[in-house]
Amino acid sequence: MVVGLATFLSTTDTIVSISMPELAETFGVDASVIIWVALSYFVVSLGLMFTMGWISDGFGRNKVLIIGLLVITLSHGSGALAQDVYQLIALRSIAGIGSAAIIASSVAILVATFPAKERGLAMGLISGSAGVGLASGPLIGGFLVDMFDWRSIFWIRLPVGAFAFLLALSILLWT
């Protein structure tokens, strides 16, 4: 459950894509700048994936997942408070670090936790969690941006991240 929730949180970042027009208007920038709000997250996340895997092997997979949850949750909350587009891009880059930690350690935790004959089910569940996160992001984002404002797409992930972080602390920290 912890790994699935963390993966869901990491992949709901598609929520930002739907808010690009409002972000561009709010910050008064054109598409060539605002695209970095989304790209910074993905570039950093993908760029650090192997490094985070290596760190999780040495430092501890559970600890890296917990730290990743903390980083991504705090950076999402801070993103809602960004005063300009460059702060938002920087905070999204920090969220990418948390995402890389989550994704790299999640698979390793599942492989270490489940016996070989149950691993396929575990990998299917985490893949399903990622799929739900990717698919629900634009839907939730569109609703939130229409009903509230762009900051809501960051605020909404705080309770999910906090719950996942506390759950991970209670389950993974001591194992």
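**Core and helix packing**

Me: How many residues does the largest nonpolar core have?
Reply: Residues with the most contacts inside this core are Val16, Leu23, Phe27, Ile34, Val37, Val85 and Leu88. A nonpolar core is a set of buried Ala, Val, Leu, Ile, Met, Phe, Trp, Tyr and Cys residues joined through side-chain atoms within 4.5 Å, and buried means under 20% relative accessible area, with a 1.4 Å probe and protein chains only. The model is predicted: local features need pLDDT of at least 70, side-chain atom pairs count only at pLDDT 80 or more, and totals for chains, interfaces and linings use all residues. Residues are numbered from 1 along each chain, side-chain values use heavy atoms without hydrogens or water, and the largest nonpolar core has 22 residues.

Me: Is Val16 buried or exposed?
Reply: Val16 lies in the loop between helix 1 (2–11) and helix 2; helices are DSSP runs (H or I, at least four residues) numbered from the N terminus. Val16 touches Leu23, Val37, Arg92, Ile153, Phe154 and Arg157, leaving out residues up to four places away in sequence, where contact means heavy atoms within 4.5 Å. Because its relative accessible area is 0%, Val16 is buried.

Me: At roughly what angle do the axes of helix 2 and helix 3 cross?
Reply: Met20, Leu23, Ala24 and Phe27 in helix 2 meet Ile34, Ile35, Val37 and Ala38 in helix 3. Axes are lines fitted to C-alpha atoms over the stretch in contact, with angles from 0 to 180 degrees between N-to-C directions. The axes of helix 2 (residues 20–27) and helix 3 (residues 31–47) come within 9 Å and cross at roughly 125 degrees.

How values were computed:
Helix = DSSP H or I, 4+ residues; strand = E, 2+ residues; numbered from the N terminus. Buried < 20%, exposed > 50% of the residue type's maximum accessible area, 1.4 Å probe, protein only.
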